Amino acid sequence: MNTQVDVLNILIDRKETISFAESCTGGLCASTLVMIPNASWVLNESYVTYAVSSKIRILGVLPETVDRYTVVSEE
């Protein structure tokens, strides 16, 4: 069983897309998916953001959230 292929096939069957916002993984999730043929059918976009300013500007993380919980948190 190949979980990544399973996810890809489910997304294709449902006509859904996926996007990633990664930091500590450095793009590993998107990289793993794009190694599979037909990934372009479902991968919408992907961001690797390390800088706090990028998390705020691109991902819409609120500055107040960063101040209260830091960028390494579930929030």
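Guide: A helix here is a DSSP run of H or I with at least four residues, and helices are numbered from the N terminus. In this predicted model, helix α3 covers residues 52–57, and K55 is found in it.

Visitor: What makes K55 a residue without a salt bridge?

Guide: A salt bridge needs a side-chain nitrogen of Lys or Arg within 4 Å of a carboxyl oxygen of Asp or Glu. For K55 the nearest side chain of opposite charge is that of E22, which is 11 Å away, so K55, although buried, has no such bridge.

Visitor: What does the side chain of K55 reach, and why is that called a polar contact?

Guide: The side chain of K55 reaches the backbone oxygen of T49 at 2.8 Å, and because a polar contact is a pair of N or O atoms within 3.5 Å, one able to donate a hydrogen and the other to accept it, this pair falls inside the cut-off. Leaving out residues up to four places away in sequence, K55 touches S23, T49, Y50, G60, V61 and V71.

Visitor: Where is S23, and which residues does S23 touch?

Guide: S23 is placed in the loop between β1 (18–22) and α2, and, with residues up to four places away not counted, S23 touches V48, T49, Y50 and K55. By contrast, S23 and V7 are 16 residues apart in sequence, with 21 Å between their C-alpha atoms.

Visitor: Why is N38 called partly exposed?

Guide: Buried means under 20% relative accessible area and exposed means over 50%; N38 has 38%, which lies in between, and therefore N38 is partly exposed. N38 belongs to the loop between α2 and β2 (43–48), and its phi is near 75°, a positive value in a residue other than glycine.

Visitor: What makes up the largest nonpolar core?

Guide: Eight residues make up this core, namely L8, L11, F20, A30, L33, I36, A39 and V42. Helices α1 and α2 (28–34) each supply at least two residues of the core. In soluble globular proteins, nonpolar side chains tend to be buried together. Apart from neighbours within four places in sequence, F20 is in contact with residues including C29, A30 and L33.

Terms used
Residues numbered from 1 in each chain as written. Predicted model: local features only at pLDDT ≥ 70, side-chain atom pairs only at ≥ 80, totals over all residues. Heavy atoms only, no water. Core = buried A, V, L, I, M, F, W, Y, C linked by side-chain atoms within 4.5 Å. Buried < 20%, exposed > 50% of the residue type's maximum accessible area, 1.4 Å probe, protein only. Contact = heavy atoms within 4.5 Å. Lys, Arg positive; Asp, Glu negative; His and termini not counted.
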